[in-house]
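This report describes a protein chain for a reader who has not seen it before. The sequence and the structure are shown first, and the description follows.

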Amino acid sequence: MHELILTGGQVHDGFGNPPVTADVAVSGGRVTAVGTGLGPARRTLDADGLVVAPGFLDPHSHSDAVPFLPEAQPFKLYQGVTTEIVGNCGFTMAPTDPATAGLAPISIGARTFATFGDYLDAAEAAGPSNHLAALVGHNTLRLAAAGMARELPPGALERMCALAEEAFEAGAVGLSSGLEYVPGAYAGRAELIALARVARRHGGVYATHSRSESEGLAGALDEAIDVARAAGIRLQVSHCKASGRAVHGGSALILGKLAAARRQGVDVRGDLYPYQAFCTGLAAMLPPEACEGGVEAMRARLAEPATRAALRATAEDPANGTSVGLWREVHPEDVQILEHTDPAVAGLRLAQVLDGREPWDALCDLLIADPHAYAVCHTMHEDDVLAIMADPLIAIGSDSGEPYGPNHPRTFGTFPRFLGRYVRERKVTGLAEAIRKVTSATATQFGLTDRGWLGPGATADLVAFDPNTIGHAGGYDNPSVRPTGVVHVLLEGEPVLTGGEFGGLRRGRVIRPGRR
């Protein structure tokens, strides 16, 4: 007797093949049969009129600290997501050194762990609401070995490689970098290649927030591809975008470089979120040299008029497309302040808080007051978003944060928005291909071979959704609206969402290569 059968759904295998009307039987945490007349089961879930698919995989999230929140967090289950890849953009909760852990202006939370294994063990013990697989972050490795120094001291790279080795032995699935952020922005290619080779020895992937997503886009993509080629490693280009008015239309460049690299033997793919705005720390607007030495050193530089002016000249110098910060990507009306210690400015655009100042001076003053401020930046053109989204090399990823406070709607609605607005309504791609983009396309790239597909032997992470109602009505003013259309979600055969409602139990776990 089967433990559970989902009955009568339109079953998609996750590989882009046409669906079949069938039942799906589950026992022992795995799919045991797909078809009709499968026999009795202890429990059935009605999927008539629903699409039944592998649980969605999010290749790019920042849910690293979510397991430690006091309440279960079903915000990804409501989207049909069963597994998230955390540790992106070079920032992870481990490995850290207490002497340097607080120096960077951007981090992913106050809690840190000395070793990557400590983090994975603690996340597992806390109980994720959905599965997590973790990358180890280059920014975090560099911070642990060299603080906020631009130049690595003797032995620091060897220390970083040793820490990375420990992370992979503990269960990391890859290496991430965030080369528009400090201290990662200080790294050269040799440093990145050395660490990527550690990841390669363990079968990992290299996921990069590349050095520029704007005017330096071409060179940044070339660098990422060169690192992957030199290390012989799979490459994931994170949240592909052409950001800033100067590069609108740059989707063709991005997709052309990815396709050319694949023809030359580099196993490269990318991901994208279905929005025209990104979210990041305001400190990322600054040239990397502004942040050398840590947060207090940054504040001192911004407070000194001559240094502030010199940093502006660097940020606005058209001769440089990389390592200058994000300032040239944005206009004052593009920058929506999301989080700031001054409640009077939170929620406003930079253009609304100038008070007679130059925009650069307003930015610097905001960062002196709150070095950890965050903003949503509206910088992308929908034509580029649509072109990148449609390409077969691109998966869908959220770049989501933690599910509270001021937020970007991608945290709560990425996957339903893609399947509703862009697949059902805009017909950017067919449904079978869309499901591949949110399942096997990510599972394959991150080495999660028993997930992301639906068939006998696959892990029974499953979603059943209504293709006619799936969507998300949330926007930048009301991001946390619950999405619609996701009816049932199973984690390793256990129903965690039934009839659209969360059962309250933390059934997720931390996925580590080589461990069931």
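Predicted model: local features only at pLDDT ≥ 70, side-chain atom pairs only at ≥ 80, totals over all residues.

Two strands are said to pair if DSSP finds at least two bridges between them.

Strand E18 covers residues 486-491, and six of its six residues are buried. E18 pairs in the antiparallel sense with strand E17, residues 462-465, over four bridges. In that pairing, Val-463 stands opposite Val-489 of E18. E18 also pairs with strand E19, residues 494-498, again in the antiparallel sense and over three bridges. Here Leu-491 has Glu-494 of E19 as its bridge partner. E18 and E19 form a hairpin with two residues between them. In the turn, Glu-492 has a positive phi of about 50°.

| Strands | Sense | Bridges |
|---|---|---|
| E17 (residues 462-465) and E18 | antiparallel | four bridges |
| E18 and E19 (residues 494-498) | antiparallel | three bridges |

Which residues touch the most other members of the largest nonpolar core? In this core of 128 residues, they are Tyr-119, Leu-175, Leu-282, Phe-418 and Phe-465. A second, separate core has 17 residues, including Val-11, Val-24, Ala-464 and Leu-490.

Leu-282, named above for the largest core, has contacts beyond its neighbours within four places in sequence. These are with Val-335, Leu-363, Leu-366, Leu-367, Ala-373, Tyr-374 and Ala-375.

Tyr-119 is also one of the buried residues of helix H1, residues 116-126. An α-helix has 3.6 residues a turn, so residues three or four places apart point the same way. What covers the buried residues of H1 includes strand E7 (81-86), strand E8 (131-137) and helix H3. Just after H1, Gly-127 takes a positive phi of about 95°.

Helix H3 spans residues 156-170 and contains Leu-163. Is Leu-163 buried or exposed? Its relative accessible area is 6%, and buried means under 20%, so Leu-163 is buried. Leaving aside neighbours within four places in sequence, Leu-163 is in contact with Pro-95, Leu-141 and Ala-144. Gln-445 is 282 residues from Leu-163 along the chain, and the C-alpha atoms of the two are separated by 23 Å.

How values were computed. Residues numbered from 1 in each chain as written. Heavy atoms only, no water. Buried < 20%, exposed > 50% of the residue type's maximum accessible area, 1.4 Å probe, protein only. Contact = heavy atoms within 4.5 Å. Core = buried A, V, L, I, M, F, W, Y, C linked by side-chain atoms within 4.5 Å.
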